[in-house]
Amino acid sequence: MNTKNANVSNQWFANLSSLLPDLEALYTDIHAHPELSMQETRTADLAASRLRQSGFEVTTGIGHTGVVGLLRNGDGPTVMLRADMDALPVAEATGLPYASKVTAKDKDGHTVPVMHACGHDMHVTWLIGATTLLAQAREHWRGTVMAVFQPAEETGTGAQAMIDDGLFQRFPKPDIVLGQHVMVGVAGTVSGRAGVITSAGDSLQIRLFGRGAHGSMPQASIDPVVMAAATVLRLQTIVSRELAATEAAVVTIGALQAGTKENVIPDEAIIKLNVRTFDEGVRQRVLAAITRIVNAEAAASGAPRPPEITPLDNYAMVVNDADANQKVGDAFRQYFPEERVEKTLPTSASEDFGCFGAQWMVPSVFWFIGGTDPDVYAKAQAAGRLNDLPTNHNPRFAPVIEPTLRTGVETLIVATLAWLSAK
């Protein structure tokens, strides 16, 4: 910690070191018991129980499995702190002693492996740690802390589900909404920026129609496999040939599905793709180009009917309020050593965190915390192999517990105290 703030820090974090073993046990427990989107009942129960123990008013079942805790402590600002709870359908390959062995049925009824491959287990633990400390030191601040444990971030539906279930009507309007995410980066570092920090995300399913035939008689077919292959290749030219070098976008084909047997030309093919953009104008141009290309390739193939283009999910850009970001950043720089607070570029990952501030019409700030072992990161950087490090959503993604756990609790406390009134 920054020694020029040692007195303030000692006041607020006297109990953190003694709390860390309990938080580590909680983290490994949540990691070993991940739950898919909108199935986070166990995790929600843990969050609700910890909030009650700290004296929060607790409401459960918001947006299906969401939890809100309120700690009212006199007149003053209201600070909303958000953590997401859901895991992913990924088979864990970390080899950790607390690795997940869980399977569950997804929304389509398929049995899938489940893993906290995006760090939401760390997010939940951070918020439980921060709320515990805030409750223990309530004699030093005035205002209201609102802790929000959100479901279904991974499907882009959880924040909106809580909003649609009356979040804005049932709870006090915050003065600021704060959130954070563990990412690849030196563990213990904190990074943020004013303006856009995470991209817009659009996922689409494209259904291409052909005419099936025997594999030995391709002349009798309209081959949707060839149609899909041509479409995939042409879609890759959107970024390279339709956007300027100063504009940014990502177009990724995540699934290409067609046919069941090598000598049967199928009737249709499915393409699933994902788009990330940092500018609404660029987003609209990319989506329009996708529609144009898909329809043109189908027409060029003589498809018997136009393709079906179906949106799967959508994430708005997360935009940090400039003044609020400055206030939080100044608080971080006063608390942490200078080398641990960094400015980041926008990331092509997407988040539904922005829904809360944008729809409540209050400022919000979102930042990243590094979770990579510093030695591992340094060696990869020296070898020019940072891209080899397991990223979020990788089956080997596993933040080092320390100093990642401590740092995330500290950042939530420091950012919250930048807003709450002092007693």
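**Entry 1: H10 against H13**

I began where Val328, Ala331, Phe332 and Tyr335 of H10 meet Glu410, Thr411, Val414 and Ala415 of H13, taking contact as heavy atoms within 4.5 Å. Before going on, I noted that this is a predicted model, where local features need pLDDT of at least 70 and side-chain atom pairs count only at pLDDT 80 or more, while totals for chains, interfaces and linings use all residues. I also noted that residues are numbered from 1 along each chain as its sequence is written, and that side-chain values use heavy atoms, with hydrogens and water left out.

H10 covers residues 322–335 and H13 covers residues 401–417; helices (H or I, at least four residues) and strands (E, at least two) are DSSP runs numbered from the N terminus. I found their axes coming within 9 Å and crossing at roughly 120°. Axes here are lines fitted to C-alpha atoms, for helices over the stretch in contact, and angles run from 0 to 180 degrees between N-to-C directions. That makes H10 oblique to H13, since angles under 35 degrees count as roughly parallel, over 145 as roughly antiparallel, 65 to 115 as roughly perpendicular and the rest as oblique. The H10 and H13 crossing is right-handed, that is, the near helix is turned clockwise from the far one by less than a right angle.

While in H13, I looked at Pro403, which is found in this helix. The peptide bond leading from Glu402 to Pro403 is cis, with omega near 10°.

**Entry 2: H2 against H3**

Next I took H2 (residues 16–32) and H3 (residues 41–53), which pack at about 160° with axes 11 Å apart. H2 and H3 are therefore roughly antiparallel, and their crossing is right-handed. On the H2 side I listed Asp22, Leu26, Asp29 and Ile30, which meet Arg42, Thr43, Leu46 and Arg50 of H3.

**Entry 3: the cores**

Which residues have the most contacts inside the largest nonpolar core? I found Phe149, Leu178, Phe332 and Trp367, in a core of 56 residues. Helix H4 (residues 120–136) gives the largest share of this core, 9 residues. A second, separate core has 24 residues, including Ala228, Val232, Ala249 and Ala289. A nonpolar core is a set of buried Ala, Val, Leu, Ile, Met, Phe, Trp, Tyr and Cys residues joined through side-chain atoms within 4.5 Å; buried means under 20% relative accessible area, exposed over 50% and partly exposed in between, with a 1.4 Å probe and protein chains only.

Lys343 is in strand S17 (residues 341–343) and counts as exposed at 71% relative accessibility. Not counting residues up to four places away in sequence, Lys343 touches Gly192 and Arg193. The C-alpha atoms of Lys343 and Ala194 are 9.1 Å apart, across 149 residues of chain.

Is Thr347 buried or exposed? At 16% relative accessibility, Thr347 is buried. Thr347 is found in the loop between S17 and H11 (354–360). Leaving aside neighbours within four places in sequence, Thr347 is in contact with Met183, Ile197, Thr198, Ser199, Phe278 and Phe368.

**Entry 4: positive phi**

Met361 is not a glycine, yet has a positive phi of about 60°. Met361 is in the loop between H11 and strand S18 (364–372) and is exposed at 69%. His393 has phi near 80°; the residue is in the loop between H12 (374–382) and H13 and is partly exposed at 41%.
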